[in-house]
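Please look over the structure shown below with its ligand in view.

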Amino acid sequence: MSETTLPTGVALTAIDEQFREDPYPILRSIQAATRVLHDDELGRYVYTSHDDVKAILRDKDLWSDPRKAKPGTFTREFLGNADEEPSMLLMDEPDHRRLRMLVSKPFTPAAVQRWRAQIEATVEAVLDRIDTEEFDLIAQFAGPVPTIVIARMLGIDESKVDSFKQWSDTSVRIAFNPFSTPEELAAGEKAGAALNDFFAGEIEARRSNLGDDLISDMLRAEEEGETLSVQEIISQCNLLLIAGNVTTTDLIGNGVKALLDNPDQLAKLRAEPGLIENAVEEMLRFDSPVTNSGRIANRTIDIGGCPVHEGESLSTSLAAANHDPAVYPDPDKFDIEREDTHHQAFGGGRHLCLGAHLARLEAQVAILGLLNRYPVLEHSERGHVFASVPSFRGMTEFWVRGENQQ
Ligand code: HEM
């Protein structure tokens with residue numbers, strides 16, 4: 001394929017049916033043709049090689065704040081809403097570091113391990129509610145688990161979990177989607193407003209009754225004598241929901257699909273559950289829930305002889321980088337014993353996913369819990385539906401059939 005016929009714009013997003021069903025051959029064709037693809041339609045430069053993606057994400061000088069991007073670029077047009085307080089994902093130093101430090105303590109590997117028993121109990125309780133042999137793994141399992149876990153971490157009452165899942169799913173559909181219809185935008189804004197009100201209420205309630213939860217931690221936290229503003233706390237809560245819920249659901253869904261598509265790997269994991277940690281890393285590499293991240297050029301960047309100037313959008317394809325044949329032998333093979341499963345599914349550098357350890361633990365516990373409960377688990381004829389949300393890869397429905405052990 002010559003560079004002029006390479007797909008750009010919508011054709012490089014999950015809105016396009018072919019890309020949605022299987023993005024990897026399309027990304028491979030770009031990798032083979034060029035190091036930098038100028039996507040005129042969306043105003044961004046797309047990078048697909050493992051090493052280029054890594055170098056961009058780890059470059060500490062590049063920006064993330066959409067307000068610094070030039071008008072007409074992807075980041076400015078689709079991620080920059082000047083009216084809203086940005087979350088740390090879209091902040092630069094020093095604010096980024098300040099906010100990240102304030103919320104990072106509960107997400108260290110050791111802190112996350114303290115949630116193991118809670119996560120195990122949540123997984124079992126969610127499995128207990130499934131009462132048919134054929135079920136939608138997303139609606140009945142992979143969706144509820146991360147929502148209940150993060151709700152507990154934020155100290156939110158279980159009775160309110162369903163509404164906040166609905167609001168957060170609706171907001172995420174527009175948050176990273178440059179092609180939202182006016183109806184989707186309106187629904188997303190309404191859901192976003194509902195979430196904001198909800199969190200404002202939760203914060204107010206905590207003021208007089210601080211507890212052992214993340215919202216109370218943020219209210220307590222003081223960095224260099226500075227407290228977080230209510231709007232900043234709301235933004236971080238939104239980010240934890242949006243960044244953490246759909247992505248972990250997608251990891252569990254995509255991971256179980258990879259196992260059912262590869263019965264030899266499923267059998268191996270059943271026989272040797274100790275492989276779960278490596279298996280989850282391979283799931284993250286093989287079918288990454290977040291397909292794209294990005295930065296903004298703070299200077300002229302020259303990668304592959306294509307200079308890109310200050311204020312331009314750099315879009316890093318994590319999905320392509322994780323399937324780069326220059327780095328991974330047989331990259332399209334799902335192999336839970338792969339020796340080198342390092343991947344960039346959690347991005348990299350300053351903005352490296354804060355919830356990575358939590359997501360890993362949830363997926364490990366959830367998948368082993370599911371396999372234990374279902375000694376037989378297979379695809380159902382009702383199939384699956386991939387979501388059409390750009391930058392994310394996951395399913396809205398995934399029907400399976402299992403023989404429950406209990
Ligand atoms: C499988 C699940 C997940 C995936 C694939 C994922 C992926 C990512 C990616 C790609 C980034 C951007 C990194 C960059 O730009 O370099 C990110 C950032 C972030 N993620 Fe995750 N994430 C997941 C789960 C979670 C969870 C469970 C939470 C928290 C509850 C979370 C919280 C965050 C936060 C706060 C950031 C922004 C960090 C910063 O800007 O410093 N994520 N994640």
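A residue is called buried when its relative accessible area is under 20%, exposed when it is over 50%, and partly exposed in between, with a 1.4 Å probe and protein chains only. S288, at 0% relative accessibility, therefore counts as buried. The model is a predicted one, in which local features need pLDDT of at least 70 and side-chain atom pairs count only at pLDDT 80 or more, while totals for chains, interfaces and linings use all residues. Residues are numbered from 1 along each chain as its sequence is written, and side-chain values use heavy atoms, with hydrogens and water left out.

**Overall form**
- The protein chain contains 17 helices and nine strands, helices being DSSP runs of H or I with at least four residues and strands runs of E with at least two, numbered from the N terminus.
- Its radius of gyration, taken over C-alpha atoms, is 21 Å, close to the 22 Å that the globule rule gives for 406 residues, so the protein chain is as compact as a globular protein of that length; the rule is 2.2 Å times the number of residues to the power 0.38.
- The C-alpha trace spans about 60 × 55 × 40 Å along its principal axes.

**Buried segments**
- Of the 406 residues of the protein chain, 55% count as buried.
- Helix 9 (residues 144-154) is mostly covered, with 10 of its 11 residues buried, among them P144, V149 and L154.
- S288 is found in the loop between helix 15 (276-286) and strand 4, and a polar atom of its side chain lies 2.7 Å from the backbone oxygen of L284.

**Ligand surroundings**
- The ligand sits in the largest cavity, a cavity being a set of points on a 1 Å grid over the protein atoms alone where a 1.4 Å probe fits but cannot get out, and sitting there requires more than half of the ligand's atoms to lie within 2 Å of its grid points.
- Helix 5 (95-104), helix 13 (230-261), strand 4 (292-296) and helix 17 (356-373) are the elements that give two or more residues to the shell around the ligand, and helix 13 provides the largest share, seven residues.
- Of the 29 residues around the ligand, H96, R100, S293, H351 and C353 come nearest, where being near requires a heavy atom within 4 Å.
- An oxygen atom of the ligand lies 2.7 Å from a polar side-chain atom of R100, and an oxygen atom of the ligand is 2.9 Å from an N or O atom in the side chain of R295.

Terms used:
A polar contact is a pair of N or O atoms within 3.5 Å; within protein, one must be able to donate a hydrogen and the other to accept it, and residues adjacent in sequence count only if both atoms are side-chain atoms. On a 1 Å grid over the protein atoms alone, a cavity is a set of points where a 1.4 Å probe fits but cannot get out, and a pocket is an open set with protein on both sides within 12 Å along at least five of seven lines; lining residues have an atom within 4 Å of a point.
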